[in-house]
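My entries follow the display.

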Amino acid sequence: MVADTGKTLRTDTTKPVNLPEPLSVEESPAGLPVAVRLKQRQSLIAIEDCWRIDDEWWRSEPVSRLYYTVILASGQRMVLSKNLIDNCCTVNRIRRVLKKYGILPPSRKGD
Amino acid sequence: MRILCVLLPHFQISCEKLKHPDLAARPVIVTAAVGSQKVVMDYSAELKGLQRKMPLQQALSLHSEVELIHANIHYYWSVFNEILDVLDERSPLVEGTDLGEVYIGLDGLQMIYANDDILVSAVHAAVPAVFNAQLGISENKFMAYLAASHSTPCSYKKLAGDTTSFLKDLNCDLLPISLKSKEKLHNFGLHQLGQVAALAPGPLQAQFGHEGMRIWELANGRDDTPLYPRLIEETIEESTTLPSVTALLEVMMVAIEGMLSHAFTRFEPRGMGIRSIDLWTCSWMGEYWEKTIQFKEPAMHAKTALSRIKLIMENSPQLGPVEQMGMKITGLGRPNGRQKSLFTNVRAKEHLLDDVKQLEFRLGGPQLYRIKEVEPWSRIPERRYALIPLSQ
C-alpha cells in the first residue's frame, strides 16, 4: 500500500513545452519561404528538407503542418513549420535550450 | 594643447597598392558595405568629384571606368596599427581612431625635440614614404587637420593666431560632419567656411540641431574635441582560411572554436579571460564583415565564449559564403570575485524543495518546473515533453 502523500492531484499544473511560436515569414509566389524576421530580417539561402505531418484528424483541432529545414543568411539551420489550416508560420524555439541541457535526443524530423 | 595631425591621404588606396603594385597605373575605388548599400571608402587621387561615404552608384555615374575593390578593413587596420606603433615611440599621446588620420599631442615634447622642425622630421622618418604623409600643427584637432591637408608631402604647415583669412575660402566639404549635412549646407548656398562663420549660430542650430553649433564652431576654427590617446592593451589575433567556402554556421563555429582554443592557450595559464572580441569574416567575393562582441563577465573558458559568439552569429547575416575568418581579442580580464559556500552539497536538494514550497505558498501556484518526457515518439514536437511542477 502506498502511503498517502497528502498532495492534491492537479492536472492543470502541467504545461506543454516547445509550443510552436508565430514567426513572420516571407514567401515566394510559389509558397516557399524566402526570408524570416527574427531580431532582424534574414533571407534564406537554402531549403534543405521539406516534409508534411497530418495527424489527429479525429480531434476538433487537427494537426496539418508543412515543415521546412532552412539555412538562414547567418548560416544558422532552422526548422520552420507552416500550419496548413490557418496558413500561419511557426517555429519551435525551445529545441535549442533542450539540446543545450542534454534533454533532447539526437536530431530527427519534426524537431 | 598643441596638436600635430599626420594625414595619410588615400590611405586605403596606398595599402592596396602595397599589396598589388600593378594597381598604381589604374583608377581604383575601394568600396565597403553599409547595411545593404555599397559606399565609397576611398578612391584614387586622380578621380575628381568623389567623396568618402558617397553611394557607389553616384560615384560610378561620375567615373564609370574604374576598378572596384572590396575593402579589406582588417588589413588596413593592421598596416595602420603598425604605423601607430612606430609613432608611439615618438610621442606617448597618439590618437588613431580613423584610418589615415593620426593626432599627436605635442605638450611636453619640447623637452625631447628642441623645435618643430626636428619633431616633424622624426615623424616623417617614422611613416613610410609610400603614404605621402602630410603634417600640420595647430591648437586643436580640426585646425591641425586643415593645416595638414594644405601642406605638401614631406613638409608641414603650422597654423597659429588669427586664422580667419585662412578659413574663409575653404570648402565646407572639409568639415568632419555627415555627408547629408554637407549636402544640406551646399543646398543652402553655403559652400565656404567663411560663409558659415559669418552666420549667427542660432539659424544653424535651427536647421542642423546639435550638429549646427558644432558646424559653426568648426567654421570659426574652434574645436573642443579632446585627444583620445590609444591605450596600449594586449591584443591577440587569430585568423584562418577555411578549407572550402561555406555558408553554414556549424562550419564557421568549428573554425571559431579552433581559433579560440588556440588563443586561450596563450592567456589561460595566467588566469585571464576574454572581455571583448572583434570577430571578422571575409567572403569569397572579398566582402568584409566585422562585429565586436563584449562579455559582461570575462569568459574564462573557450566553451563560455563560444556560446555567446554563436548567439551573436546566428543573428548576423553574412555578406556571402565565407572564405576567411579571424578574431582579435582586444580585452583580457580576470574573473569577478564570488562568495562560495563553506559546506557545499549538504542537503542542497532538501533546502531547494523547501524554498520552492515556500515560494509556491507565497505566490499561490507552481513557480518552478522540470521537463519530463511525455510522448518522446510523437511526430508533433510540442507533444514530446511537458513541464511538471518541481514540487510534485
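Leaving aside neighbours within four places in sequence, which residues is Ala144(B) in contact with? The model is predicted, and I looked this up first.

Entry, Ala144(B). With those neighbours left out, I found Ala144(B) in contact with Ile3(B), Leu4(B) and Cys5(B), with Tyr103(B), and with Gly136(B), Ile137(B) and Ser138(B).

Entry, cores. I then looked up the largest nonpolar core, which has 44 residues. Ala144(B) is among those with the most contacts inside this core, together with Leu4(B), Cys5(B), Val6(B) and Leu135(B). Helix H5 of chain B, residues 141–149, gives the largest share of the core, 7 residues. I checked the domains of chain B too: domain 1 (3–158) and domain 2 (164–219) each contribute at least three residues to this core. Another core, of 20 residues, lies apart from it; I noted Ala255(B), Met259(B), Phe264(B) and Ala305(B) among its members.

Entry, contact between chains. I found 26 residues from chain A and 22 residues from chain B in the contact. On the side of chain A that touches chain B, at least two residues come from each of strands E1 (15–16), E5 (41–55) and E6 (63–72). E5(A) gives the most to this side, with 4 residues. I looked up the classes for the side of chain A that touches chain B: 12 residues are nonpolar, 10 polar and 4 charged.

Entry, strand pairing. I followed E1(A) to its partner, strand E14 of chain B (residues 385–389); 2 bridges join the strands, which run antiparallel. Ala386(B), in E14(B), is the bridge partner of Pro16(A).

Methods
Residues are numbered from 1 along each chain as its sequence is written. Chains are lettered from A and ligands numbered from 1 in the order in which they are written. This is a predicted model: local features need pLDDT of at least 70, side-chain atom pairs count only at pLDDT 80 or more; totals for chains, interfaces and linings use all residues. A nonpolar core is a set of buried Ala, Val, Leu, Ile, Met, Phe, Trp, Tyr and Cys residues joined through C-beta atoms within 7 Å. A residue is buried if 20 or more other C-beta atoms lie within 10 Å of its own, exposed if 12 or fewer, and partly exposed in between; C-beta atoms are placed from the backbone. Domain bounds come from an automatic or database domain assignment. Two residues are in contact if their C-beta atoms, placed from the backbone, lie within 7 Å. Ala, Val, Leu, Ile, Met, Phe, Trp, Tyr, Cys and Pro count as nonpolar, Asp, Glu, Lys and Arg as charged, and the others, Gly among them, as polar. Two strands pair if DSSP finds at least two bridges between them.
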